[in-house]
Number of protein chains: 2
Amino acid sequence: MPSTNHALNARHRLSYVRRVAVVGVGLSKFGERWEAGLRDLIVEAGVNALKDAGLEGKDIEALYVGTMAAGRLIGQEHIGSLIADWMGLNPLPSTRVEAACASGGLAVKEGFMAVASGMYDVVVVGGVEKMTELSTSQVTYALGGAGDQEWELSLGATFPSLYALMARRHMYEYGTTEEQMAQVAVKNHKFGVHNPYAQFRKPVTVEQVLASKPVAEPLKLLDSSPISDGAAVVVLMELEKAKKLRDELVEIIGVGHATDSIALHDRSTFTGIRASSIAMEKALRMAKIERDKIKVAEVHDCFTIAEIMAIEDLGFFPKGQGGRATEEGETDLNGKITVNTSGGLKACGHPVGATGVKQIAEITWQLRGEAEGRQVDTEYGLTHNVGGSGATAVVHILKRLR
Amino acid sequence: MPSTNHALNARHRLSYVRRVAVVGVGLSKFGERWEAGLRDLIVEAGVNALKDAGLEGKDIEALYVGTMAAGRLIGQEHIGSLIADWMGLNPLPSTRVEAACASGGLAVKEGFMAVASGMYDVVVVGGVEKMTELSTSQVTYALGGAGDQEWELSLGATFPSLYALMARRHMYEYGTTEEQMAQVAVKNHKFGVHNPYAQFRKPVTVEQVLASKPVAEPLKLLDSSPISDGAAVVVLMELEKAKKLRDELVEIIGVGHATDSIALHDRSTFTGIRASSIAMEKALRMAKIERDKIKVAEVHDCFTIAEIMAIEDLGFFPKGQGGRATEEGETDLNGKITVNTSGGLKACGHPVGATGVKQIAEITWQLRGEAEGRQVDTEYGLTHNVGGSGATAVVHILKRLR
């Protein structure tokens with residue numbers, strides 16, 4: 001269905017009534033967690049987040065959870081009530097939010113608005129996915145539901161193939177190389193070594209990436225994020241109340257969220273994700289800061305080409321220059337913008353619903369100065385979470401409060 | 001997992017910053033819609049709602065959609081971006097909310113908070129489910145994901161069987177009869193005749209209900225809501241802006257949302273749904289009105305016993321008296337509280353994600369005096385949407401503004 005442009009011009013308040021702080025974050029270990037079910041993973045992350053916040057269950061007023069495909073992956077819907085139950089927190093209101101691989105980021109947005117609206121002062125936002133119960137081909141099919149089931153998946157277009165089309169076009173139009181894409185994986189694996197929660201804590205070389213098995217050419221196994229189990233939880237609190245809780249606070253100062261056509265073939269371009277650009281503009285306008293204040297970002301690198309497109313779409317580099325910027329180290333530690341210090345989806349792992357929440361956790365650690373071995377000195381950080389092949393993008397801008 | 005009680009006492013603001021009106025409502029025809037896919041259904045309802053509101057796409061700032069099991073039922077996730085796309089509204093932000101059969105009601109709550117928060121002035125909330133692509137047994141299995149997959153569904157406990165357990169216990173404790181349950185179906189089918197969008201527009205008799213095929217004894221086919229395709233859409237607007245749009249306004253003055261253990265066997269009672277009672281108390285306290293002001297209610301009658309429990313849990317009748325009250329006509333037109341004038345889930349149909357939004361549409365028609373053939377004269381109305389066997393309940397209280 002053709003996109004309309006009017007919504008770009010639609011008035012958007014870009015304002016909200018009450019300010020919101022991140023007061024606690026926690027992750028489960030990401031990886032192939034054969035011993036843990038979905039409910040165990042979220043409890044593991046939740047306990048860590050509450051401990052970090054110095055809060056107990058009785059302090060919480062509402063829950064949000066981002067999960068993409070639990071119905072397909074483990075036969076379980078109604079994840080909101082499930083997590084309230086297993087965290088021992090019912091009858092608290094609990095809400096599941098879904099936007100494919102952007103489910104976690106969108107859950108954070110909903111939690112933000114729940115506090116901003118005045119309905120709640122303290123909200124816990126989780127993200128979780130349990131992906132290793134099924135075979136790889138079954139998981140690939142379930143994830144295909146993030147695109148257009150009728151016009152893509154049913155005709156064989158899985159996600160690796162859609163991103164491979166984007167990669168080919170980016171190579172054709174801008175001269176981006178497979179080596180440059182491999183550099184994304186090398187950088188993110190290097191960061192992953194320092195993240196105790198990451199699925200892969202081992203470095204890879206450009207040669208290893210290039211020699212890895214093709215998934216959907218030109219994308220290879222080591223260009224691709226893995227199938228992962230994991231959960232992430234953040235605790236949000238109304239700012240004035242948060243100031244009484246702890247000294248080191250991180251505020252969410254910008255929220256951007258946009259959509260695009262669900263099918264890739266309906267887009268105006270294959271070399272970028274328009275929803276990312278729009279979400280970024282909205283977040284910046286709400287935050288009232290310039291882009292170049294931001295020195296650390298978690299972006300959605302489901303495939304290496306996705307990180308290259310993201311750093312362009314978010315405006316950190318001109319369109320077409322993302323590959324070269326990566327090659328020149330501009331996204332490495334203390335480059336122009338340090339990208340994916342968590343290891344990204346690539347090395348930290350990509351339990352789909354957890355990813356957008358994990359990004360908030362990583363940036364919170366960065367802004368609090370707790371990102372050991374991968375620390376960036378910055379007052380502002382950004383998260384960028386994409387759903388499907390770009391039909392949803394969610395951007396958050398976070399600020400360290402001194 | 002055992003429930004904790006502390007959350008009942010947790011401070012809940014029960015306040016919000018900006019007031020929210022319903023300015024337009026629309027439904028698709030409910031039923032076995034072989035000719036229409038999920039995306040067609042939501043567009044059909046959306047066009048009706050925008051027409052009712054006198055608005056166009058360009059006036060909208062954000063979308064919400066409640067859908068339970070599209071992943072299992074049609075292989076499609078990422079429903080938020082799908083509907084923005086097919087309504088021609090991308091790049092508007094669009095969010096899917098899921099809480100099993102309460103997905104629609106919860107989407108309305110999220111839309112309410114999005115406006116209350118100051119983030120948006122005009123939000124469209126949809127609910128949709130396309131259920132007739134699969135066989136009845138496949139659909140039953142998909143819906144089983146609303147309960148505890150590990151401890152109920154995997155052991156054979158489908159939803160009819162869980163509600164049958166509740167019915168048996170209600171009969172045992174309170175002397176509720178199969179005839180009284182049948183009366184719920186008779187009343188709701190009678191109302192359904194007057195609802196042009198209803199799946200079933202034909203009356204049934206107590207004898208027909210009692211003679212219908214057993215589904216899970218004591219529940220019979222005509223005690224059960226059907227498998228349905230359908231969509232519902234409501235348009236929410238900040239109140240001051242809404243006053244400039246139209247004269248006949250309905251305001252959402254109370255929102256209540258609560259959870260309980262996802263598995264029935266962990267509950268403190270089988271004869272009622274605690275989450276419903278808690279959600280009702282919260283909604284009443286937010287609305288600052290007495291329960292007896294409310295003269296019309298849409299309640300969650302997925303099975304006839306569910307309506308009997310609901311009118312008790314919501315406090316309209318004492319626990320155990322719901323069957324008798326139904327028998328005596330107290331929930332019929334102009335009874336103490338008129339219940340399910342849309343036909344309820346029973347006769348209007350139950351496209352799972354659509355139901356909670358359809359309830360808001362029906363109460364809006366009631367409060368505007370547009371419920372032809374089933375009109376109740378009242379200033380206040382209520383909606384009550386349940387997920388699973390009671391692990392989520394969402395209550396909204398609506399008021400007619402003169």
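Through which surface do the copies meet, and what share of the interface residues of chain A are also interface residues in chain B? Before I answer, please keep in mind that this is a predicted model, in which local features need pLDDT of at least 70 and side-chain atom pairs count only at pLDDT 80 or more, while totals for chains, interfaces and linings use all residues. Residues are numbered from 1 along each chain as its sequence is written, and chains are lettered from A and ligands numbered from 1 in the order in which they are written.

To the question, then: 100% of the interface residues of chain A are interface residues in chain B as well, so the copies meet through the same surface. I count two residues as in contact if their C-beta atoms, placed from the backbone, lie within 7 Å. By that rule, 70 residues from chain A and 70 residues from chain B take part. On the chain A side, several elements each supply at least two residues, including helix 1 (6–9), helix 3 (70–74), helix 5 (103–116) and helix 11 (274–287); helices here are DSSP runs of H or I with at least four residues, strands are runs of E with at least two, and both are numbered from the N terminus. Helix 4 of chain A gives the most to this side, with six residues. Sorted by class, the side of chain A that touches chain B has 32 nonpolar, 26 polar and 12 charged residues, where Ala, Val, Leu, Ile, Met, Phe, Trp, Tyr, Cys and Pro count as nonpolar, Asp, Glu, Lys and Arg as charged, and the others, Gly among them, as polar.

The strands also join across the two chains. Strand 3 of chain A pairs with strand 3 (residues 94–98) of chain B in the antiparallel sense over three bridges, and pairing requires that DSSP finds at least two bridges between the strands. Within this pairing, A:Val97 has B:Val97 as its bridge partner.

How are the copies related? Chain A can be laid on chain B with an RMSD of 0.0 Å by a turn of 180° and a shift of 0.0 Å along the axis, which means that the relation is that of a two-fold axis. In chain A, the C-alpha nearest the axis belongs to A:Ser117, at 1.7 Å from it. The superposition is by least squares on the C-alpha atoms of residues with pLDDT of at least 70 in both copies.

Let me turn to helix packing inside chain B. The axes of helix 7 (residues 159–174) and helix 12 (residues 304–313) of chain B come within 9 Å and cross at roughly 55°, the axes being lines fitted to C-alpha atoms over the stretch in contact, with angles from 0 to 180 degrees between N-to-C directions. That makes helix 7 of chain B oblique to helix 12 of chain B; angles under 35 degrees count as roughly parallel, over 145 as roughly antiparallel, 65 to 115 as roughly perpendicular and the rest as oblique. In this contact, B:Tyr163, B:Met166, B:Ala167 and B:His170 of helix 7 meet B:Ile305, B:Ala306, B:Ile308 and B:Met309 of helix 12, and these residues divide into seven nonpolar, one polar and no charged.

Helix 12 of chain B also packs with helix 8 (residues 178–192) of chain B, at an angle of about 95° and with the axes 8 Å apart, which makes helix 8 of chain B roughly perpendicular to helix 12 of chain B. This contact has six nonpolar, two polar and one charged residues.
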